[in-house]
Amino acid sequence: MKNFLPLIITLVVFFSACKNDDSITDTVEPTPSIPDFVMAGGETTIFDITSNAFATPAPNLTPANFDKHLEGDLAFEQVFVTEPADVNPGLGPIFNNNSCVSCHIKNGRSRPSLDGNELSGFLIRLSISGLGEFGGPKGVPFLGTQLQNRSVFGVEKEATFTATEIEEIVSFVDGTQVTLHKPEYSITSSQYNIPTDIMISPRVAPAVFGLGLLEEIPEEDILNKVDENDVDGDGISGKANMVWNIKEETKTLGRFGWKAENPTALQQTADAYHQDMGITNSLFSEETCFEQEDCNHNGELDITDATLDITTFYFQTLAVPAVRNYENETFQKGRVLFEEINCSSCHTPKQQTGNSSIPSLSNQTFFPYTDLLLHDMGVGLADNRPSFEANGQEWRTPPLWGIGLMPVVNGHTRLLHDGRARNVTEAILWHGGEAEQAKESFKQLSREDREALLVFINSI
Ligand code: HEC
Ligand code: HEC
């Protein structure tokens, strides 16, 4: 029997080869090739327009990395609880929420909140003037650099916030009017004095897919587009944020967060565990409430490095949804307009990765629509809270991929750092500073052209 085995294998190979040949000759039809920009995440792209569009593993993961991704998925969903507990103890004592996914719902974007008593995926960064450790923002006495508006049982929460909205009416040349809403936040605390010069930066949670690709854009490609003094005279500068890298113990290029304040996906994760959930780890080993008396720090880290790694790996290896409607004429018109009115000078359509230790992220051409640089966006969007190189008017260009799927994934269309824009039109109308000219050009467009631009943005 043993001797027949090679023969059987040969026959199977022979017949299946014939079958393949047949099927190839049977189906020689020109298949329309998909334009490269449709594959928004290169080989990590998926064709999914359901509520899982941001929560699917990259299709090109090796089997081992696929398993690792699934393990990371569980870590991203783990709900932390008050000590002592058998599973996931260590929440707080002060915190904003109790799991990654509770803020990044379905890996998507959170809504803004105007009421600090709500449990939400929204948070407020704080500081006072001056420089903190390593040149970053200086924490507010007792409150630190982030407002934790929740606390575990028996611990007073540090503070809470409320907001009121100011309205502003903007008109297009065709007479259409839009009412913009600007939230103004204030902090109240029953235990601490809030300094009068406190600086407040409200932020919603962004979507977390595709970030492994953004992390692997070679630093020199990003820095090549820096034009801090606008030497080319196009009105658009672009500045790199150089932020403290804890592992490398030096400043490196910031990539993550609305002001590019975190240099790596790992540090972003460690920071989120620490500040957002009160979970200490090897990068941030002190509880956030170190200046409070009832901090109750037990000296042990709440999670291991393995947990930090696996949580990070999860969002690094998520798939990116493909572009929709690209064969549609309106889309094509919108795509041209996006270039013509210079949206693409900050929202850089195409990027490329170098070599990555995660093979599926290596040498990918992808389409995030960001340059990852800081831009002055004018007084309308200013938080007036500097962070490292970013001044109070500067924000990192956010990627635009997946924006059109937000209603399906998260049931809303709130945009910008504090979620004030109710849709893409409002988001554009808030642009100012270096983007003033692009916004003015948008206001000059006919209704039909505006709609084409929106179709394009909602399809990429
Ligand atoms: C309280 C809500 C909240 C929780 C909990 C939370 N996040 Fe976030 N996350 C945010 C907000 C808000 C931002 C934007 C922060 C900024 O710009 O400073 C953010 C930013 C991020 C980013 C950067 C995204 C980008 O486009 O640059 C990543 C990655 C991220 N969070 C991952 C995590 C992980 C992993 C966890 C769990 C360990 C987590 N987050 C827990 C609210 C939250
Ligand atoms: C000077 C650089 C620059 C130009 C030019 C520019 N943008 Fe932006 N864009 C940004 C920055 C920075 C933000 C984030 C601002 C914030 O959150 O406060 C942003 C935010 C957005 C958002 C919301 C994204 C999100 O994730 O919430 C949309 C949509 C958008 N831009 C579309 C456009 C369109 C369309 C144009 C052309 C009319 C344009 N932008 C021109 C820099 C630019």
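Start your tour by selecting Ser127, which is buried at 1% relative accessibility (buried means under 20% relative accessible area, exposed over 50%, partly exposed in between, with a 1.4 Å probe and protein chains only). This is a predicted model, in which local features need pLDDT of at least 70 and side-chain atom pairs count only at pLDDT 80 or more, while totals for chains, interfaces and linings use all residues. Residues are numbered from 1 along each chain as its sequence is written, chains are lettered from A and ligands numbered from 1 in the order in which they are written, and side-chain values use heavy atoms, with hydrogens and water left out.

**Around Ser127**

Ser127 sits in strand β3 (strands, E, are DSSP runs of at least two residues and helices, H or I, of at least four, numbered from the N terminus). Now show Arg385: its side chain makes a polar contact of 3.0 Å with that of Ser127 (a pair of N or O atoms within 3.5 Å; within protein, one must be able to donate a hydrogen and the other to accept it, and residues adjacent in sequence count only if both atoms are side-chain atoms).

**The core**

Next, pick Ile124 and Leu126, the residues that touch the most other members of the largest nonpolar core, which has 85 residues (a set of buried Ala, Val, Leu, Ile, Met, Phe, Trp, Tyr and Cys residues joined through side-chain atoms within 4.5 Å). Helix α12, residues 447-457, gives the most to this core, with 5 residues. A second, separate core of 16 residues includes Phe80 and Leu266.

**The ligands**

Which protein residue donates to the iron atom of ligand 1? Select His104: its NE2, 2.1 Å away, is the single donor from the protein (donors are N, O and S atoms within 2.8 Å of the metal, or 3.2 Å for Na, K and Ca; water is not among the atoms, so sites may look incomplete). You will find His104 in the loop between α3 (100-103) and β3 (122-131).

Move on to ligand 2. A polar side-chain atom of His347 lies 2.9 Å from one of its nitrogen atoms, and a polar backbone atom of Leu416 is 2.7 Å from an oxygen atom of ligand 2.

**Aromatic stops**

Finally, colour the rings: the structure holds 16 aromatic pairs (rings of Phe, Tyr and Trp, the last by its six-membered ring, with centres within 6.5 Å; planes under 30 degrees apart count as stacked, over 60 as edge-to-face and the rest as tilted). Phe80 and Tyr273 pair edge-to-face, 6.0 Å centre to centre with 75° between the planes.
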